[in-house]
Number of protein chains: 2
Amino acid sequence: MMNEKNVLLTTLLENREYLNVRKELLEMNEVDVANFIEEAPAEEAAVVFRMLPKDLAADVFTEFNTDMKHHLVVTMTDQELYSIINDLAVDDAVDMLEEMPATVVERVLKTADPNMRNTINQFMQYKKDSAASVMTPEFIGLKEDMTVREAIDYIRENGQDSETIYTCYVMDAKRVLEGVVTVKTLLVSELDKKISEIMSKNVIFVTTDEDQEEAAKIISKYDFLALPVVDSENRLVGIITYDDAMDVMTEETTEDIERMGAMVPSETPYLKTPVIKLAKNRIVWLMVLMITDMISGGILASWQEAFTAMPILISFIPMLTDTGGNAGGQASTLIIRSLAMGEIRPKDWYRVWWKEARVAVICGFFLAVFDVARIWIMYPGQYLVGITIGIALFCTVVMAKSVGGILPLIAAKLKLDPAVMASPVITTIVDAGSLLIYLNTAAFLLRI
Amino acid sequence: MMNEKNVLLTTLLENREYLNVRKELLEMNEVDVANFIEEAPAEEAAVVFRMLPKDLAADVFTEFNTDMKHHLVVTMTDQELYSIINDLAVDDAVDMLEEMPATVVERVLKTADPNMRNTINQFMQYKKDSAASVMTPEFIGLKEDMTVREAIDYIRENGQDSETIYTCYVMDAKRVLEGVVTVKTLLVSELDKKISEIMSKNVIFVTTDEDQEEAAKIISKYDFLALPVVDSENRLVGIITYDDAMDVMTEETTEDIERMGAMVPSETPYLKTPVIKLAKNRIVWLMVLMITDMISGGILASWQEAFTAMPILISFIPMLTDTGGNAGGQASTLIIRSLAMGEIRPKDWYRVWWKEARVAVICGFFLAVFDVARIWIMYPGQYLVGITIGIALFCTVVMAKSVGGILPLIAAKLKLDPAVMASPVITTIVDAGSLLIYLNTAAFLLRI
């Protein structure tokens with residue numbers, strides 16, 4: 001359905017039927033309008049955007065990517081800019097400015113009206129990744145002694161500028177947070193009741209310097225629509241809404257996944273990240289892991305004579321080290337994710353290890369039996385080689401799963417990011433271990 | 001704060017001051033009440049749960065884990081069960097029953113009142129992972145010809161049983177979806193206006209058999225509070241709320257991460273998953289990858305003489321294959337995540353490859369220079385060995401990043417899950433490639 005609409009719009013635009021384009025756009029969701037304008041030819045994009053009514057323009061502007069915002073801001077007159085900026089939600093304005101060059105920031109701040117400018121300046125001080133950095137100051141604040149009727153009237157008049165009207169916060173004269181009341185409660189309460197009678201005093205909140213991920217987790221845990229943020233004197237300074245919490249969680253998960261893939265996380269989408277930046281994000285870990293692999297290289301070098309005596313032993317190296325890496329990586333992947341979801345804690349280390357050990361015994365047994373059989377068939381007469389591989393494989397899997405299960409927990413205990421203890425690091429560590437197991441088993445059984 | 005409260009509650013419970021326990025619990029959020037009861041001793045848990053007032057009891061019950069629900073359902077009288085079940089949201093009741101043994105399901109259905117039983121039965125038919133499987137039938141449905149005043153009165157009377165009242169859906173006599181109106185719009189509109197004048201006709205919806213992940217993505221894209229679900233005749237049958245969408249997204253991300261770690265995804269939390277199940281989820285991929293590693297083993301076996309002639313070559317194998325695996329894994333991790341986020345599509349393959357190739361040239365160059373220098377220092381006189389490793393490393397990184405970047409896109413194009421093309425599979429493929437590059441470079445330069 002959306003595609004038909006886009007085809008229609010593109011045709012209208014090519015024929016320069018701007019009035020019809022405008023008519024169609026007015027019926028669409030602002031997210032779709034933004035997507036359509038972003039994909040239109042650059043010179044048309046600005047024309048179409050200027051045709052939008054003032055209210056819609058700000059909503060659409062918020063949805064644009066950074067490049068498009070930058071392009072538009074640079075080409076706007078001061079008056080156009082004034083109208084857009086003052087209609088933006090403060091948190092969206094701040095997000096935008098944080099990604100713009102200093103000259104643009106300066107011009108935007110100069111153009112905004114003094115109230116907006118002060119708020120933006122204040123918000124730009126908050127620490128990156130703090131709860132305050134994702135909050136908005138636009139919420140419905142009520143007083144205890146209002147009646148339900150007064151509260152509803154207040155929402156009717158002030159609701160338009162709030163990020164959400166559905167959760168309202170009750171504050172005293174000094175803006176100290178006292179309670180919370182939902183529009184649902186307001187609607188089902190008698191109009192003459194006082195807010196103090198119907199509000200809930202058990203308010204769950206965060207402070208401005210709390211981690212944004214922690215705030216997002218609270219919103220998700222309690223299924224809140226919004227979470228209040230207070231300063232050090234318990235004064236309500238803003239709220240975080242569920243949609244921003246969803247974005248924070250997605251962002252944090254992407255960072256975790258990138259760290260698990262042995263990269264420094266990037267804040268821009270893949271296709272927008274410059275090659276140099278991608279290379280920088282990756283080379284650190286590649287280098288660290290490569291240097292650590294010298295340990296495995298050293299082990300192999302010191303056993304050179306064993307391989308000269310029995311060259312066939314070389315051919316089992318990839319199978320043993322990779323299986324160790326995979327087995328350990330499976331364990332660490334599960335444990336890292338479970339830690340991120342709050343399903344396990346470092347103090348569960350014994351239960352984790354005991355579980356991994358039993359899983360390893362089962363997996364290791366079947367893999368070893370398979371390999372012993374395969375070697376006995378492929379290399380008739382090499383019974384001891386088969387046994388050597390079987391024992392080495394079994395011990396490698398048990399060692400790998402123990403290491404993979406425990407290292408992320410140790411990292412968490414040491415307040416490091418457990419995501420770093422993912423497959424690449426585990427593989428490098430397990431490689432050295434599996435080679436030692438392999439070569440010592442071979443030395444013992446094959447007397448090399 | 002929460003911890004102090006828990007200590008207080010635990011003390012009260014130990015002293016059997018049940019009335020005080022109840023008083024404290026009444027002031028807490030239902031999620032925290034559920035957590036407290038879950039962690040209380042088993043015999044106390046049921047006692048405390050029975051003390052809760054009827055309304056709170058159903059809210060708290062919804063938050064329990066499966067084991068706790070099962071324990072309580074089994075120990076409840078029919079009357080207690082009746083009261084809880086009929087107060088549950090339909091989607092929560094269905095979720096619960098899907099995880100219970102058949103005898104419990106039978107008893108619950110027998111106890112529920114006929115309406116509830118029919119709805120539950122209908123909902124249990126919907127396909128797992130479909131949009132319908134996460135929707136709830138409890139929403140506010142309005143008619144076009146209602147006035148705003150009538151609509152608000154309707155919400156006042158029927159709001160208590162709805163999952164959300166904030167987004168209302170407008171249906172005709174046959175329940176066909178016609179429009180959507182938010183409570184915010186209702187509150188700021190004149191009381192005598194007709195719903196048809198203020199509703200938005202551009203409703204974004206999904207059908208019952210749409211994938212739940214698709215529905216969650218729409219909710220996240222448009223920042224909806226709820227998304228309507230219609231049947232094949234466009235009749236509104238339920239809504240999916242933002243909190244369920246958040247859960248779906250978290251669940252799907254966990255599945256992706258598990259697949260990327262070479263495991264069959266599990267639906268239960270780690271500590272609750274039996275060892276046998278964990279082993280089963282892991283052994284398939286371990287076996288497949290181990291068998292594929294026989295290719296690398298075969299390559300090494302056929303070059304045995306080279307190693308006998310120059311045993312030092314063995315010691316560079318882990319460094320080369322691991323670096324290849326890590327470099328390819330970095331690329332595939334980023335591409336898989338970008339695909340999942342909708343940031344890139346299979347048709348972007350050329351841009352991805354060109355980007356990866358340039359990143360690989362930069363990373364490969366620095367790694368190679370480092371290693372050549374290291375070998376020249378550690379093994380004086382072995383200039384050609386250094387050059388061999390440098391060239392092999394550079395080519396391996398370029399090959400690995402190309403493979404890692406492209407394979408997930410091919411999987412996506414073939415409608416397979418790209419997450420399968422993560423580090424473990426890439427490592428196994430890249431291993432064989434890097435060994436071939438290494439040995440052929442060595443043969444050429446070192447004439448072995």
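# Briefing: domains and the chain A–chain B interface

UniProt, in an unreviewed entry, lists the feature "domain: CBS" at residues 135-197 and 199-255 of chain A. The structure shown here is a predicted model, and chain A is divided into domain 1 (2-126), domain 2 (141-256) and domain 3 (273-446). Chain A also meets chain B, with 112 residues of chain A in contact with 111 residues of chain B.

**Domains and annotated spans of chain A**

- The centres of domain 1 and domain 2 of chain A, taken over C-alpha atoms, are separated by 28 Å.
- Residues 357-377 of chain A, by comparison, are 100% helix and 0% strand, with the end C-alpha atoms 30 Å apart.

**The interface of chain A and chain B**

- The size of an interface is often given as the accessible area lost when the parts come together.
- Between chain A and chain B the buried area is about 10,200 Å², and carbon and sulfur atoms give 68% of that area.
- On the side of chain A, the residues that lose the most area to chain B are A:Leu187, A:Tyr270 and A:Leu271, which together account for 8% of what that side buries.
- Four salt bridges are counted between chain A and chain B, and in a salt bridge of 3.6 Å, N to O, the side chain of B:Asp32 meets that of A:Lys221.
- The interface of chain A and chain B also has 31 residue pairs in polar contact, with both residues at pLDDT 80 or more.
- Helix H16 (residues 275-302) of chain A supplies the largest share of the side of chain A that touches chain B, namely 18 residues.
- Sorted by class, the side of chain A that touches chain B holds 63 nonpolar, 26 polar and 23 charged residues.

**Salt bridges in the structure**

- Over all chains, the structure holds 36 salt bridges.
- One pair within chain A is A:Lys128 with A:Glu267, whose closest N and O atoms are 2.9 Å apart.
- This pair links distant parts of the chain, 139 residues apart, with A:Lys128 in the loop between helix H10 (114-125) and strand S1 (141-142) of chain A and A:Glu267 in the loop between helix H15 (242-260) and H16 of chain A.

Terms used:
Residues numbered from 1 in each chain as written. Chains lettered and ligands numbered in written order. Predicted model: local features only at pLDDT ≥ 70, side-chain atom pairs only at ≥ 80, totals over all residues. Heavy atoms only, no water. Domains from an automatic or database assignment. Helix = DSSP H or I, 4+ residues; strand = E, 2+ residues; numbered from the N terminus. Contact = heavy atoms within 4.5 Å. Buried area = accessible area lost by both parts, 1.4 Å probe. Polar contact = N/O pair within 3.5 Å; in protein donor to acceptor, adjacent residues only side chain to side chain. Nonpolar A, V, L, I, M, F, W, Y, C, P; charged D, E, K, R; others polar. UniProt positions renumbered as here; feature names shortened; annotations may be inferred.
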